[in-house]
Amino acid sequence: MASVQIRDVQKYFGGTQVIRGVNIDIKDGEFAVLVGPSGCGKSTLLRMLAGLEEITHGDILIGDKVVNNVQPKERDIAMVFQNYALYPHMTVYDNMAFSLILARSDKAVIKQRVDKASEVLGLGSLLQRYPRQLSGGQRQRVAMGRAIVRDPQVFLFDEPLSNLDAKLRVQMRAEIKALHQRLRTTSVYVTHDQIEAMTMADQIVVMHDGIVEQHGKPLHIYDHPANLFVAGFIGSPAMNFIPGVLRHRPEGPQLEFADGTFLPAPVGAAGAAADGHKVVYGVRPEHLSIGPPGSGLKSVVSVVEPTGANTEVYSRFCGIDIISIFRERHDFAAGDTLHLVPDPGHTHLFDAESGKALAQA
């Protein structure tokens with residue numbers, strides 16, 4: 001196992017810069033997830049780590065060794081791809097053993113490693129089957145097993161669950177996390193699915209337009225987003241954003257909204273910006289409750305979505321869609337008026353121009 005260090009890495013395709021000076025430290029044994037929308041540069045960064053793309057500028061270190069000019073096969077990494085990349089004419093055993101066979105490893109060593117990996121992944125009864133005889137989840141396990149038998153310093157996962165159905169994705173998320181807890185091999189995982197990132201990662205790296213917007217532990221990023229992009233990307237449903245103006249009033253800093261509604265500003269807002277500063281108020285759907293008439297945000301229900309455990313309610317406030325989530329059952333209907341009261345201990349304030357966080361409760 002080894003740590004991974006990415007130092008001021010940049011990547012150009014012709015005259016187009018797609019990675020803009022990325023710095024990331026991944027500790028030995030850590031599970032790091034690169035997450036962001038399509039085109040943010042996360043897969044390109046992973047491919048540079050694997051040696052499949054050249055680095056235009058900067059350094060990548062595995063352990064204490066700079067690997068910029070090291071061939072992929074010499075980096076002691078193993079990669080699990082989105083499309084499994086299994087050989088259809090080979091059995092599960094041969095697929096898992098193939099890299100060791102190419103390396104001319106001893107047959108006894110090959111068998112020992114394949115048997116151990118198949119036991120960890122629950123593939124013992126499938127070793128003589130062919131890929132066409134396997135389900136999607138079983139094929140993904142074989143692809144993971146092929147990586148495990150190499151006993152690499154670093155695992156790389158390139159959106160490995162994208163081809164699975166929703167239920168199987170949930171199952172495989174848990175299996176990959178459990179596998180990492182057993183093996184404790186440094187892992188770098190790329191996904192556009194922020195739920196995967198939140199549930200699996202020791203460290204999340206949120207990327208956008210070739211830069212790192214924020215990195216840290218999942219719940220810290222969820223509770224303390226650095227800017228509007230992170231606040232809107234991490235969390236499902238996304239955080240609600242309401243434009244307003246910061247007012248310094250005798251009773252303390254407050255937010256004034258377009259309809260004249262005032263709400264208390266988050267703690268720390270007093271020194272964050274001047275009176276009259278344009279801001280964006282943020283509150284997550286689960287941090288809204290129903291208050292009496294005259295309180296909170298007066299909104300009109302547009303859509304109600306019962307999901308079983310929760311009820312998601314879409315309503316309109318000052319022409320803006322607001323999403324709220326309730327654990328208890330409510331008999332709402334389109335056109336009903338709600339007074340949504342934010343939990344003052346879970347609100348956020350962002351600069352309207354730069355998008356940077358100004359204050360958080």
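Contact is taken here as heavy atoms within 4.5 Å. The structure is a predicted model, in which local features need pLDDT of at least 70 and side-chain atom pairs count only at pLDDT 80 or more, while totals for chains, interfaces and linings use all residues. Residues are numbered from 1 along each chain as its sequence is written, and side-chain values use heavy atoms, with hydrogens and water left out.

The C-alpha trace of the chain spans about 80 × 45 × 35 Å along its principal axes. The chain holds 8 helices and 21 strands; helices (H or I, at least four residues) and strands (E, at least two) are DSSP runs, numbered from the N terminus. Of the 361 residues in the chain, 49% are buried, where buried means under 20% relative accessible area, exposed over 50% and partly exposed in between (1.4 Å probe, protein chains only). Among contacts between residues at least 6 apart in sequence, 65% join residues at least 24 apart.

UniProt, in an unreviewed entry, places the feature "domain: ABC transporter" at residues 4–234. UniProt positions are given in the numbering used here, feature names are shortened, and annotations may be inferred rather than shown by experiment. The span 4–234 is 37% helix and 26% strand, and its end C-alpha atoms lie 24 Å apart.

The largest nonpolar core has 45 residues. Such a core is a set of buried Ala, Val, Leu, Ile, Met, Phe, Trp, Tyr and Cys residues joined through side-chain atoms within 4.5 Å. The residues with the most contacts inside this core are Val 35, Met 96, Val 114, Met 144, Ile 176, Tyr 189 and Ile 234. Apart from this core lies another, of 29 residues, among them Val 9, Ala 32, Ile 77 and Met 79. When neighbours within four places in sequence are left aside, Ile 234 is in contact with Val 35, Gln 194, Met 198, Val 206, Ile 221, Tyr 222 and Arg 284.

Gln 194 belongs to helix α6 (residues 194–200). Gln 194 counts as buried because its relative accessibility is 9%. Not counting residues up to four places away in sequence, Gln 194 touches Val 35, Phe 233, Ile 234, Gly 235 and Ser 236. A polar atom of the Gln 194 side chain lies 2.9 Å from the backbone nitrogen of Gly 235.

In helix α2 (residues 92–102), the buried residues include Val 92, Tyr 93, Asn 95, Met 96, Ala 97 and Leu 100. The cover over the buried residues of α2 includes α3 (107–121) and α4 (136–148). Just after α2, Arg 104 takes a positive phi of about 60°.

An open sheet of 5 strands has the order β15-β19-β16-β17-β18, with antiparallel pairing; two strands pair if DSSP finds at least two bridges between them. The edge strands, β15 (288–290) and β18 (320–326), each pair on one side only. Neighbouring strands of this sheet are turned by 45° against each other on average, direction ignored. The axes are lines fitted to C-alpha atoms, for helices over the stretch in contact, and angles run from 0 to 180 degrees between N-to-C directions.

Within this sheet, β16 (residues 297–306) runs antiparallel to β19 (residues 337–342), to which it is joined by 4 bridges. Val 300 stands opposite Thr 337 in β19, and Lys 298 stands opposite His 339. Strand β17 (residues 311–317) is joined to β16 by 6 bridges, also in antiparallel fashion, and Pro 306 has Thr 311 as its bridge partner in β17. β16 and β17 form a hairpin with 4 residues between them, and Gly 308 in the turn has a positive phi of about 105°.

Thr 261 lies in the loop between β12 (252–256) and β13 (262–264). With a relative accessible area of 15%, Thr 261 is buried. Thr 261 and Lys 298 are 37 residues apart in sequence, and their C-alpha atoms are 8.6 Å apart. Residues up to four places away in sequence not counted, Thr 261 touches Leu 255, Glu 256, Gly 296, Leu 297 and Phe 317. The side chain of Thr 261 also makes a polar contact with the side chain of Asp 259 (2.8 Å). A polar contact is a pair of N or O atoms within 3.5 Å; within protein, one must be able to donate a hydrogen and the other to accept it, and residues adjacent in sequence count only if both atoms are side-chain atoms.

A further hairpin is formed by β20 and β21, with 5 residues between them and a positive phi of about 85° at Gly 355 in the turn.
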